[in-house]
Amino acid sequence: MTEVDQAAPAGPRVKAPGLGGRLGRLGEVRHLGLVAALVLLAIVGLVTRPENFATSSNLVSILALASTIGVITVGMTFVIIGGGIDLSVGALMALASVWATTLATQSYGPVVMIVCALLVGTGAGLLNGILISYGRIVPFIATLAMMVAGRGLAQRMSNQRTQLVRPENSLIVELSTTRVLGLPLLVYVFALVVLIGWVVLNRTTFGRRTYAVGGNPEAARLAGIDVRKHTVMLYALSGLCCGIAAVLIMARTTTGSSTHGDLYELDAIAAVIIGGTLLSGGRGTIIGSILGLLIFTVITNLFILNGLNTADQLVAKGAIIVVAVLLQRRGLKAHT
Amino acid sequence: MTHNPGRRGFLLGGAALGAGALISACTSNEPVAQTSAPAAAPAAAATGGNDAPGEKVVIGFSAPAADHGWIAAIAKNAADAAKQYSDVEFKPVEPTNDINQQISAVESLIQAKVDALVILPNDGQQLNQVARQAMDAGIPVVNLDRVFPDKLSYRTWIGGDNYGMGVAAGHFIGKTLKDKGVTDPVILEIQGIATLPLTQDRSKGFADALKTYGFSVTAQQDAKFTVESGTQVASNLLQAHKKIDAIWNHDDDQGIGVLAAIKEAGRDEFFMVGGAGSANAMRDIQAGNGVLKATVTYSPTMAASAIKLARLIAQGKGMSDLMEQQVPQSITLASETITKDNVEKYLPLGFES
């Protein structure tokens, strides 16, 4: 077992010794670019709306907005580094929120509701993984099918209604309304997920195997990694993140609904890509993804603070994705 | 899967919820039936009464898939209205949000030679052609809400008044602020989907009505008609404006999210007006302890009325309360303002979001 553990990270390294260190530096450079972009946006905010932007309540509001999709982005980062893609995240979050807010689930109290959301997310994620690993369906197709079916099931279950979290279960809503040190609890949940994600990806065998599986599945297999099983676990992890996000969205909106998480998959993928993770897998960081997501959230905030409409936001976001990827490609060339 | 033990319970839960929704929807429709019965009663002497059983007719029904409480209520109200009549065979087609599918669904109803069609199109422009085909084939079309551009494509149109909705909200906000003596108020508007003509009509009505009080909209954002988007937009808007006097939110369903954001931010220096008239919003207005003080209706009961109209048209009857021998060509519902004072009357008509 220990032999395998050591072999796993060696997979990508075999080709060029020292590449790891160089990649590390490259990662930092990229993060610097993202941080610079965030600083630039902050300056725009300070200049255009000095009285609103840098207030603590605005910053808290930005973090709270980023939390739900942030949790999903962490799961997405794992999947993409592992060489896959998960299009079903938005639908799974909707499904988990609906399942957790049915009258029957609600009758068991808030704890069961949370467990339900996590189990639904993880279960659906497992199914994704099994279809991909053992059913040999391309990730894009398998998760596309799950996206469509999950959204449909959510609509069927909720009868297309918005399901309110009942007053006796308001413990869940308190995740959003209760503040500790000025921050709503859900921001702490988000931070905890990021922290755990970072540790798992960077400091555990599971994390190293994820890079190996995504970088070169054949080499990973030869190194003794059970690639199929690992892939199943990656999608289950992404599903679990959707379940957590479902709890957060229930807290924020006080509802479960089949319309929750609309186009989250695209936002999450975009954030991961902007964050410097390769869509082909094998390389990427969680911090990058979170910075990418924060850039998006701050842009939305800036646009609304300045009274601009959503159409312009979409154009800006699209432009940022293209620019980020172009810069990254140039960065890669410069360093290799 | 991993959650075997609880799974059956949860599934049962889904079923129980469905049943619950069914029951509540049924009860919510009873008053519709009640109000229509007395209306028809005096007319019975004159024309034989609209509700008296007549010749048996088949009514086809096509609407978008319900991804929103309002659309769900439309389908439900139509089915319930049809059930009321022994002489109506109700033939709904699978609801869809795909234009192409809705076109073929309507085509299938034309081929089935139904006696009348009730269509709420996903898009009036794009469904115009197939509605015209139905009319050409001699099947009267009752156009529900989203209008076909070509008058040859429908026999009768019934729908809500989006401009009027904005006007009603504008008057309520304008008058309340004027009475309070507020000058230069901060008025925010949270729209549904900004690109839809209906949203633009609502906003125009709102702006026009506010103008009569010398007020204008300070900021405007769109929230896509979803709860989640409502929360996001509202929490950002609350940051942008430290002191607000009034908010008009176009849609009560997304309003749940807007209200959640307001509660989270702990703000209450302003009042809010909703739109559409969901049961939830009405309960909030009745409780009277939140910022939501009123909502302006865009009632899905229009679907029940559309079925009634289609039945009359197919049977060749007029509306018993009117002088005309035939059903009118166009009926626009008035947008009514629901406040704490009259909410009781409207509660039974509210749709569950």
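How many helices and strands does chain A have? Chain A has 15 helices and four strands. This report describes a predicted model, and it treats the two chains in turn before turning to the contact between them.

## Chain A

Of the 336 residues of chain A, 57% count as buried. Among the contacts in this chain between residues at least 6 apart in sequence, 79% join residues at least 24 apart.

Helix H13 of chain A, residues 264-274, is mostly covered, with ten of its eleven residues buried. Just after H13(A), the backbone at A:Gly276 adopts a positive phi of about 100°.

## Chain B: overall organisation

The secondary structure of chain B comprises eleven helices and twelve strands. Of its 353 residues, 51% count as buried. Considering contacts in chain B with a separation of 6 or more, 72% are accounted for by residues 24 or more positions apart.

The domain assignment divides chain B into domain 1, covering 53-160 + 302-317, and domain 2, covering 162-297. The C-alpha centres of domain 1 and domain 2 of chain B are 32 Å apart. Contact between the domains of chain B involves four residues of domain 1 and six residues of domain 2. On the domain 1 side, the touching residues are one nonpolar and three polar, with no charged residues.

## Strands S3, S4 and S5 of chain B

Strand S4 of chain B (residues 141-144) pairs with strands on either hand in the parallel sense: with strand S3 (residues 116-119) over three bridges, and with strand S5 (residues 156-159) over three bridges. B:Val142 takes part in both pairings, as the bridge partner of B:Val118 and of B:Thr156. S3(B), helix H4 (residues 124-136) of chain B and S4(B) together make a right-handed β-α-β unit.

Which residues of S4(B) point one way, and which the other? B:Val141 and B:Asn143 point one way, whereas B:Val142 and B:Leu144 point the other way. In a regular strand, side chains alternate between the two faces of the sheet. All four of these residues of S4(B) are buried.

## The six-stranded sheet of chain B

A further sheet in chain B is open and has six strands in the order S7-S6-S8-S9-S10-S12, with mixed pairing. Why is one side of S7 and of S12 of chain B left without a neighbour in the sheet? Strand S7 (219-222) and strand S12 (337-339) stand at the edges and each has a single partner strand, so one side of each lacks a neighbour in the sheet. On average, and with direction ignored, neighbouring strands of this sheet are turned by 20° against each other. Within the sheet, strand S6 (residues 187-191) and strand S8 (residues 246-249) of chain B run parallel and are joined by four bridges; B:Ile187 stands opposite B:Ala246 in S8(B).

Two helices lie across strands of this sheet. Helix H5 of chain B (residues 162-180) lies across S6, S8, S9, S10 and S12 of chain B, and runs at about 165° to S9(B). Helix H9 of chain B (residues 279-287) lies across S9, S10 and S12 of chain B, and runs at about 140° to S10(B).

## B:Gln221

B:Gln221 is found in strand S7 of chain B. Is B:Gln221 buried or exposed? B:Gln221 is buried, because 22 other C-beta atoms lie within 10 Å, where the cut-off for a buried residue is 20 or more.

Leaving aside neighbours within four places in sequence, B:Gln221 is in contact with B:Ile190, B:Gln191, B:Val233 and B:Leu237, and also with A:Ile304 of chain A. By contrast, the C-alpha atoms of B:Gln221 and B:Met135, 86 residues apart along the chain, are separated by 40 Å.

## Contact between chains A and B

Between the chains, 40 residues of chain A are in contact with 41 residues of chain B. The elements of chain A that give two or more residues to this side are helices H3 (56-81), H5 (103-107), H6 (110-133), H7 (139-158), H8 (174-177), H12 (227-253) and H14 (286-305). H6(A) gives the most, with five residues. By class, the side of chain A that touches chain B has eleven nonpolar, 26 polar and three charged residues.

Definitions and conventions:
Residues numbered from 1 in each chain as written. Chains lettered and ligands numbered in written order. Predicted model: local features only at pLDDT ≥ 70, side-chain atom pairs only at ≥ 80, totals over all residues. Domains from an automatic or database assignment. Contact = placed C-beta atoms within 7 Å. Nonpolar A, V, L, I, M, F, W, Y, C, P; charged D, E, K, R; others polar. Buried ≥ 20, exposed ≤ 12 C-beta atoms within 10 Å, placed from the backbone. Pairing = 2+ DSSP bridges. Right-handed = clockwise from strand over helix to strand, strands pointing away. Axes fitted to C-alpha atoms, helices over the stretch in contact; angles between N-to-C directions.
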